[in-house]
Amino acid sequence: MSSRKVDPRISDVRAYVIDSKGVGGDYHDRADGHWLVDGAISTPMSLYADYRRSRTSWGIAVLGSILVEIELEDRTVGIATGLGGEPACFLIEKHFKRFLVGSDCRDINRLWDQMYRASLPYGRKGLAPAAISVVDLALWDVVGKLRGEPVFNLIGGRVRDEIPAYMTGIRPDVARELGFWGAKVPLPISPAAGPEGMVRNVEALAEYRSMAGQDFPLMVDCYMSLDVPYAVELAARCRSKGVDVHWFEECLNPDDVDGHRLLKERAPLERWTTGEHEYTRYGFRELLRHRAVDILQPDVMWVGGLTELLRVSAMAAAYDVPVVPHGSGNYSYHFVVSQPHSPFVEYLNSSPGSDEVSPVFGGLFVDEAIPVNGKVRVSDAPGFGLELDRRAANLIRPYEA
Ligand SMILES: [Mg+2]
């Protein structure tokens, strides 16, 4: 036993901006040519020809990644990454820090509630819960480190030894070769391209299907770019051409919650999923009440962190709706390994051509878990099992207001 005195009070909170592309929690902060930004992907901005070619053209990663450190009086340090760039760092340093410094790091429910309530006048969705999320994840990390326990042991322990993963990218053939159970591809053409674009979409999905082969689940991510009639027609055309789609993801503007009821009503045989751009238990309550969404996909790094994800998850469990977080690397893995109704994880392929398995957070951490043979094993290392890679230390800079 160490004779070190354990003191759970928070002595300091530090927010850092990460300037290097491909490093940290902002998945889309990638170099030119990367499939995630320059691949053919239908987006809400595809309506405008000037912003159709690249997702960087309209600023998908304008905020960028951040890192938060929470240090205790006994020098234990918790860390977490997420997105939000300088604006999120501003909120953490100028607003949320007052609730944290001097508090017992184990009082996560109170700290979460104070950050959330205090940011209600300007927050609720988007940037504010994203900033709260990174603080929340750093709190769980430091509590885990304080207790010498992995986070999943603090939220109920394991329900499985390894987690099957599906791979998101543009190479469903590679996903199959590497042992993933399925592949998710982006819908390439926006509805702005009209009826001819619809035909090209079905052709493109047929091509992805032939790359994947038969009897291998293929999912389609529509990234908020469709409306109800387009999504229903796309699903019907795929079905009539024999292009088997396992689920259609995030077809609608996230504010069109009622639209999901219509999707399920008009195409009940399809699986419809969404949630990666929804926030807090209040947003997910609306998605659950019509029983129209087949899988909820909150992102741990912006839904409100692990604390709020557990509340979303409890609600979803009462509807028997699986919760499979969007991306989120280790944060998602610790959650999923502990939840009976979270049967698998997403592995967002972060290599430029989506053909190699590499760390989601781009070398920011040592020991980030990555899938092996399409499965993720979660280590027993304390916290989220993430330590800052010394080589990444020069990629982060303290935020100065
Ligand atoms: Mg998605």
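Helices (H or I, at least four residues) and strands (E, at least two) are DSSP runs, numbered from the N terminus. The structure is a predicted model, in which local features need pLDDT of at least 70 and side-chain atom pairs count only at pLDDT 80 or more, while totals for chains, interfaces and linings use all residues. Residues are numbered from 1 along each chain as its sequence is written.

The protein chain is assigned two domains, domain 1 (10–148 + 390–398) and domain 2 (154–388); such bounds come from an automatic or database domain assignment. A distance of 21 Å separates the C-alpha centres of domain 1 and domain 2. To their contact, domain 1 contributes 44 residues and domain 2 contributes 38 residues, where two residues are in contact if their C-beta atoms, placed from the backbone, lie within 7 Å. On the side of domain 1 that touches domain 2, at least two residues each are supplied by strand 3 (77–83), helix 3 (108–118) and helix 4 (127–147). Helix 4 gives the largest share of this side, 13 residues. Sorted by class, the side of domain 1 that touches domain 2 holds 21 nonpolar, 17 polar and six charged residues. Here Ala, Val, Leu, Ile, Met, Phe, Trp, Tyr, Cys and Pro count as nonpolar, Asp, Glu, Lys and Arg as charged, and the others, Gly among them, as polar.

Four strands form an open sheet in the order 3-2-1-14, with antiparallel pairing; two strands pair if DSSP finds at least two bridges between them. Strand 3 and strand 14 (396–398) are the edge strands, each pairing on one side only. Neighbouring strands of this sheet are turned by 30° against each other on average, direction ignored. Angles run from 0 to 180 degrees between N-to-C directions, and axes are lines fitted to C-alpha atoms, for helices over the stretch in contact. Strand 1 (residues 10–18) and strand 14 run antiparallel and are joined by three bridges, and Ile18 has Ile396 of strand 14 as its bridge partner. Helix 2 (residues 85–100) packs on the sheet, where it touches strand 1 and strand 2 (65–72), and its direction makes about 175° with that of strand 1. Helix 4 lies across strand 2 and strand 3 and runs at about 155° to strand 3.

In helix 3, the buried residues are Ile108, Leu111, Trp112, Met115 and Tyr116; a residue is buried if 20 or more other C-beta atoms lie within 10 Å of its own, exposed if 12 or fewer, and partly exposed in between, with C-beta atoms placed from the backbone. These residues cover an arc of only 130° around the axis, which puts them on the same side of helix 3; the arc is that of the directions from the helix axis to the C-beta atoms. Asn109, Arg110 and Arg117, on the other side of helix 3, are exposed. Helix 2, helix 4 and helix 11 (305–317) pack against the buried residues of helix 3.

Helix 9 (residues 257–266) has Gly259, His260 and Leu263 buried. Its buried residues fall within an arc of 105° when seen down the axis of helix 9, so they line one face of the helix. Asp258 and Glu265 are exposed on the other side of helix 9. The cover of the buried residues of helix 9 includes helix 8 (228–240), strand 8 (272–274) and helix 10 (280–289).

Strand 5 (residues 183–186) pairs in the parallel sense with strand 4 (residues 163–168) over two bridges, and with strand 6 over four bridges, also in the parallel sense. Met167 has Ala183 of strand 5 as its bridge partner, while Pro186 stands opposite Asp221 in strand 6. Both faces of strand 5 are covered, with Ala183 and Val185 buried on one side and Lys184 and Pro186 buried on the other.

Met224 lies in the loop between strand 6 (218–221) and helix 8 and is buried, with 20 other C-beta atoms within 10 Å. Asn373 is placed in the loop between strand 11 (365–366) and strand 12 (375–376) and is exposed, with 10 other C-beta atoms within 10 Å.
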